[in-house]
Amino acid sequence: MALVSVREVCFGYGGQYLLDHVSLQVERGERVGLVGRNGSGKSTLMKLISGELSADEGQVACGNGVRIGRLMQEVPDGTASSVQEVVATGHGAAGAVLSKYLALSQQVAETPSPALLKEFELVEAELHSQGSWQLEQQVEQIISKMNLDPHARFAELSSGMKRRVMLAQALVSEPDLLLLDEPTNHLDIEAVAWLEEFLVRYGGTLIFVTHDRVFLRKLSTRIIEVDRGRLLDWPCDYSTFLKRKEASLEVEAQQQALFDKKLAQEEVWVRTGVKARRTRSEARIRELLKMRDERRQRKDRVGNVRIQVQEIERSGRLVVEAKQITFRYGDEDSNNRNIINEFSTLIMRGDKIGMIGRNGTGKSTLLRLLLGQLTPTTGTVRIGTKLEVAYFDQLREQLDENKTAQENVGDGKQELLINGQNRHVLGYLQDFLFSPDRARTLVRYLSGGERNRLMLAKLMTKPSNLLVLDEPTNDLDAETLELLEDLVIEYPGTVLLVSHDREFLNNVVASTLVFEGDGVVKEYDGGYDDWVRQRDAALAADSANALASQPSSPKLNASSQGRTRKLSFKEQKELDSFPARIEVLEIEQRALHEKMAAPSFYQQPKAEITTATNRLEVIERELAEIFVRWEQLEGAGEGK
């Protein structure tokens, strides 16, 4: 039986249905990628499946006992609760009691009082009565598995770590179906890569929405497209979907062109008068009325954003030269670390440079240093001549939330001068998919994708020869992302780009600045994949050099230096067998991971999927047991 069945569901927020008589079945073990334009109804469909929304018509049914976990798109601002308390609430009502118990435990330990002790005892009794003690162990296990600090305050975490905590909260109840709404938002590249590997190993059933195309390619085994109120089922991986979708759109365009041509011919016929026999004419008129109704009900595809760069005089050949710049907040006597440490670079006209690094490492700070908006603590920055900068900031601080989209772009004017031609603000905003009504909407009511499109619209009203993009890809749909890629590739000036979108970086930049920790920034040729190759080659070379400088590995060395005298023959033989056994298990483990990551894996019979999943669990347990036993034998040998 399917985990979830959606049968002829209709839903709307007033007016035309957003989802119109849609149906869907999700089987155990599938990893379903939900795709579609911004505002097409992807998040709404997930809310209907989770039970957060009720359908206007139709039915959403789950199998008996099916548990659903959900990671929402929005990251909560946070409370004073600890990570442990937040994760515990994922167990529903029982988890809420456990969360309260954990909070009171900490308060009693810090500031005991009679009233607090009494409340603690009542909660403890409630926890006993519900038999919820085993939940605490599950909370501890998932926190450990996801490398979280249980005692950290949720409100003080970065957006990326909050995202990880919310995922732990969704997973703690061991759901049969996990719903992920833009799980990569607010995550840096390292965190996204970790999440991908975690979900591949997770092996459960997923329905997820993401704008990250690499994430989609790696995880999805089936694509469901939300398009003009319908659900289109594509039982393939994302790359195959793109090819099939392109072919499908070509066929649809041809069919619509033929239909419109025939309709136009019939309209001409009816206006020139009826010349045939009456009964035949009546039938033809009925057919015309039917065609008119069909054309009226047709939902045309949403158009694409039209991005036009304003032409301007070229900048000087030198754009920015930085020499040995260091930056820290505070004076030299303070304990503040260097955000940027002795960094040098030379940026020439036409360069397209990407920036990669963990959240909070200083990417936006470096941008401001290179643009002259901050003064380095030491070192010098020389800025070239004739620079006109267009700056897309990731916090969208250039948008006034209390003004409409039209007011933000027009700055009080009704017309804009775009490449020497006057254009009305509303007409210009239609190029960025804002209807007149939406253009008159206050910015604070716009979605994340709409805000990013509005920032692009505002950016392109000004002529520029230096384009600075700080996280421009968040919340943009795939079509707009591809158009933005084309813009950056064809942009005649210089581009500085901060992004966590790996495919975007691969497609547009020629070199990459990578923040490697402790203020160290290094430059690599190429995009994200090129950096990974260069990094891995350097790490392999370092490992080989380190290995060559030692007579043998520490573990083997320890087992060969006097161990024979201290361990029994049987123990020594067992210890010596571990390296080979570990190698065999890890090879099989990697092979299984690669097999399970393939889109075709979950299209096999259920028995084969279960066999592979169970074998992976056995390998992981056996490896853990070997490492524990290795430590025991080493400790026994050294202690004698």
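This is a predicted model: local features need pLDDT of at least 70, side-chain atom pairs count only at pLDDT 80 or more; totals for chains, interfaces and linings use all residues.
Hi everyone, let's start with a pair of strands: β12, residues 352-356, and β18, residues 494-498, run parallel to each other and are joined by four bridges.

How many strands form it, and in what order? There are six, arranged β14-β17-β18-β12-β19-β20, and they make an open sheet with mixed pairing. As a quick reminder, strands in a sheet pair through backbone hydrogen bonds, in either a parallel or an antiparallel sense.

So what happens at the edges? That is where β14 (389-392) and β20 (521-525) stand, and each has a single partner strand, so one side of each has no neighbour in the sheet. From one strand to the next, the twist averages 15 degrees.

Next, the helices. Helix α11, residues 363-370, lies across β12, β14, β17, β18, β19 and β20, and runs at about 145 degrees to β12. Helix α15, residues 448-459, lies across β14 and β17. Its direction is at about 170 degrees to β14.

Last stop, for those of you who like side chains: K245, which is in helix α9, residues 238-271. Is K245 buried or exposed? Its relative accessibility is 8%, and the cut-off for buried is under 20%, so K245 counts as buried. And which side chain does K245 meet in a polar contact? That would be E225, at 2.9 Å.

Key:
Residues are numbered from 1 along each chain as its sequence is written. Side-chain values use heavy atoms; hydrogens and water are left out. Two strands pair if DSSP finds at least two bridges between them. Helices (H or I, at least four residues) and strands (E, at least two) are DSSP runs, numbered from the N terminus. Axes are lines fitted to C-alpha atoms, for helices over the stretch in contact, and angles run from 0 to 180 degrees between N-to-C directions. Contact means heavy atoms within 4.5 Å. Buried means under 20% relative accessible area, exposed over 50%, partly exposed in between (1.4 Å probe, protein chains only). A polar contact is a pair of N or O atoms within 3.5 Å; within protein, one must be able to donate a hydrogen and the other to accept it, and residues adjacent in sequence count only if both atoms are side-chain atoms.
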